[in-house]
Amino acid sequence: MQLRRFAHIHRILGVVLAACCWFSVSTCSAASRLTDFLGKAEPTELVPGADRFGPLQGEPAIAPVYRKDELVGFAYLNSEVSNATGYSGKPIHILVGIDPKGVLTGLKLVDHKEPIVLVGIPVQRILDVMNKLTGTDMASVARGDARPPQIDIVSGATVTVLVMGDSIVRSATKLIRSGRIGTQDPSAAAAAPPLRKSLAGGSGEIRDWETLLGDGSIRRLHLTVADVNQAFEKSSNPAAAEHPEQGDPEESFIEMFAADVAVPTIGRSLLGDDGFDRLAARLKPGQQAILVAGSGRYSFKGSGYVRGGIFDRIELIQDGNSMRFRDRDHTRLGAVAAEGAPELREIALFVVPSGFAFDPTEPWSLQLAVQRVINTRDKALLTFDLGYTLPDAYIKTEPAPPPVIQPPSPAAAPAPVSGAAANPLDEEPLWMRIWRGNVVNIGITIAALGVLTLIFFFQNSLVRRPALYTWVRRGYLAFILVWLGWYANAQLSVVNVMTFANSLMSGFNWEYFLSAPLIFLLWAAVAAGLLFWGRGPFCGWLCPFGALQELLSNLAKALKVPQYRLPWGLHERLWPIKYIIFLGLFGMSLYSTALAEQLAEVEPFKTAIVLKFVREWPYVIYALTVLAAGLFVERFFCRYMCPLGAALAIPGRIRTFEWLRRWKECGSPCQRCANECPVQAIHPEGHINVNECIYCMHCQELYFDDHRCPHMIQVRLKREKREALSSPSIRSGKGPDTLITAGGRPIPGLSAEAIAPPAT
């Protein structure tokens, strides 16, 4: 008994010792990792004027930064403080400099494995966006006095930029709240007793527009064309300044008004008695509603709410928290009831959602985003604030009741130290914000996948109508190319396969796969498609680059470009090339992910789809060469070079169903389907090679065609012969010299006289 007890204690001690060793190794590796990365940066790059780093402190490690003997800031590695896993599945390491007061002073990207940044998007373009965070007072964000800074999106690298910006903001606020960085001013306690504010009662006095505007019940933001042009000139984006607004500089760009119409006097004056009564019946206790109106050449509504149900040009901000209104919060108004109101082009009534903590007695602001198009891919953005403070006449103050102090319960959970602990950054992961901001694109993608599912399940009905099938297929491919590829940049790549495999070996995490919603949905659809139909659904229907090849091939055929069909022996020996490429890339990814991702440029997807050929000339020439080959040999790249197609073909062998029909005559002797298969996926013996089939359904169109398929032609002729023999004219014996035909063709040896009964 004692021996068993001793063995049990020994095992427990072993586990504890192993855990301690693991923690010790982790701590040491973290410290050494920061030390290694600090060697890649000069102190002045992170904190201007600094000349040396001090010894590392604490866990996660931070390094004090000095100017001689004066402490001027701190440096830390973002990936050690907050999640920084990028699209590649590997952490994005950024050295962050911050001063003792919590203001960001410098950033340096020291290591990453992001494929879009390694080859494609210039690193400097990413850094220019990140450097806009420099100078941000993160202490105010940590306290909840300011909202988290927003960063510009880089087309083609959205996930990477969002992860980097989110990691910098989260890591800084986490260190500040821990007390290790940033000054905390505890002198908020005052001698005067706290006051509690609330809205004053009253039935609501009716006032005219000028009175409401004069006492601050309505607040106004007015920008002229000159104001906006000057603001962009002062911004750090010279390209935006080169595209000024045209027209009279004194012309009104936008004149925007805002008011809290849940207050009876303001609401009845602007909405009228009936309008205010309807609003009051709709609002929950304490809920507020804001009227926003505007005129001028710029719309505060924009068109985003039509596509995505969200008003992306205005944002409600209070105490560092922010929200954007959605279409369900919006009511369009035709006019304002207040006497003397100007003519306003658009008037909107927004109900503040009850889930947003909004205090009408405290100041708030409505932030207007002004967009400027630089070129087809880039936009510049500036924000202007319309501040609002409810006039004192609508507010009553009274001493707050003393807090009820109760003895703490041992079982009770500790309460949050401050309101800052409820910061949205801590409550909501980045991937959830990305999904919520892409609701429309997600809905369109799901709908497109649903349509493809219907096409596959009802394929027999579709292919029996060749003309309809042709236009459905071309229309779907055009949608995949233009919307899914060029607009949404949802092009799957062999890099995704290597990332997934590496994540399984190094620690799987759903978060970074969920950070790209459309890519995630497509991979889920591809995984389901592999079980049902193999690689065909993606390669033949969902790949934007494959769609581009096929549509160009259709155009080439229409223009009578010569088409070449490789001899079967050569064609069969070229198939393995893509498998060799895939295995080489996969093996290289086990050695160096960064090098494998660079070699994955054998796929021209990034050049032709994601970057839309706006890239260095060698990549563009390569992509155009591949596409040019496809003009003469249909889907040349898909057949012989695509490593992603090879990667999907391997698990595609486990498909559950075989829905492609064949006749016993297929391949022996008939070769029509094999000769007409666009990618030569049908063997001369007649069977379909599922590893190479893109499920274009052309063979199924032929399968049911009783004018092209020899088997179906025989079936049709026999049917027409039976119909001819059973017709009344034949049975009556009329027309002794009439030939019996089937489908317009005479049947030799048969005539009405020959088959007529003998005369009695």
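Q: Is asparagine 691 buried or exposed?
A: Buried means under 20% relative accessible area, exposed over 50%, and partly exposed in between, with a 1.4 Å probe and protein chains only. Asparagine 691 has a relative accessible area of 19%, so it counts as buried. The model is a predicted one, in which local features need pLDDT of at least 70 and side-chain atom pairs count only at pLDDT 80 or more, while totals for chains, interfaces and linings use all residues. Residues are numbered from 1 along each chain as its sequence is written, and side-chain values use heavy atoms, with hydrogens and water left out.

Q: Where does asparagine 691 lie, and which residues does asparagine 691 touch?
A: Helices (H or I, at least four residues) and strands (E, at least two) are DSSP runs, numbered from the N terminus. Asparagine 691 is in the loop between α30 (672–676) and α31 (698–703). Contact means heavy atoms within 4.5 Å. Not counting residues up to four places away in sequence, asparagine 691 touches Arg535, Tyr579, Ala649 and Arg653.

Q: How many helices and strands are in the protein?
A: The protein has 34 helices and 18 strands. Of its 760 residues, 47% are buried.

Q: Which residues have the most contacts inside the largest nonpolar core?
A: A nonpolar core is a set of buried Ala, Val, Leu, Ile, Met, Phe, Trp, Tyr and Cys residues joined through side-chain atoms within 4.5 Å. The largest here has 78 residues, and those with the most contacts inside it are Phe456, Tyr476, Phe538, Trp541, Phe545, Leu644 and Met697. Helix α17 (residues 466–487) gives the most to this core, with seven residues. A second, separate core has 59 residues, including Tyr298, Phe311, Leu344 and Phe384.

Q: How many aromatic pairs are there?
A: Rings of Phe, Tyr and Trp (its six-membered ring) pair if their centres lie within 6.5 Å; planes under 30 degrees apart count as stacked, over 60 as edge-to-face and the rest as tilted. The count by this rule is 26 aromatic pairs. In one of them, phenylalanine 456 and tryptophan 541, the ring centres are 5.9 Å apart and the planes are at 70 degrees, so the pair is edge-to-face. Phenylalanine 456 is in helix α15 (residues 439–457) and tryptophan 541 in helix α21 (residues 536–542), so the pair ties together parts 85 residues apart in sequence. Both phenylalanine 456 and tryptophan 541 are buried.

Q: What lies over the face of tryptophan 541?
A: A charge sits over a ring if NZ of Lys or CZ of Arg is within 6 Å of the ring centre and within 35 degrees of the ring normal. Arginine 473 lies over the face of tryptophan 541, at 4.6 Å from the ring centre. Arginine 474 is placed over the face of tryptophan 471, at 5.8 Å from the ring centre.

Q: In what order do the four strands of the open sheet stand?
A: Strands of a sheet pair through backbone hydrogen bonds, either parallel or antiparallel. Two strands count as paired if DSSP finds at least two bridges between them. The order here is β11-β10-β14-β15, and the pairing is antiparallel. Strands β11 (321–323) and β15 (379–388) are at the edges with a single partner strand each, so one side of each is left without a neighbour in the sheet. Three bridges join β10 (residues 314–318) to β11, and leucine 316 stands opposite methionine 323 in β11.
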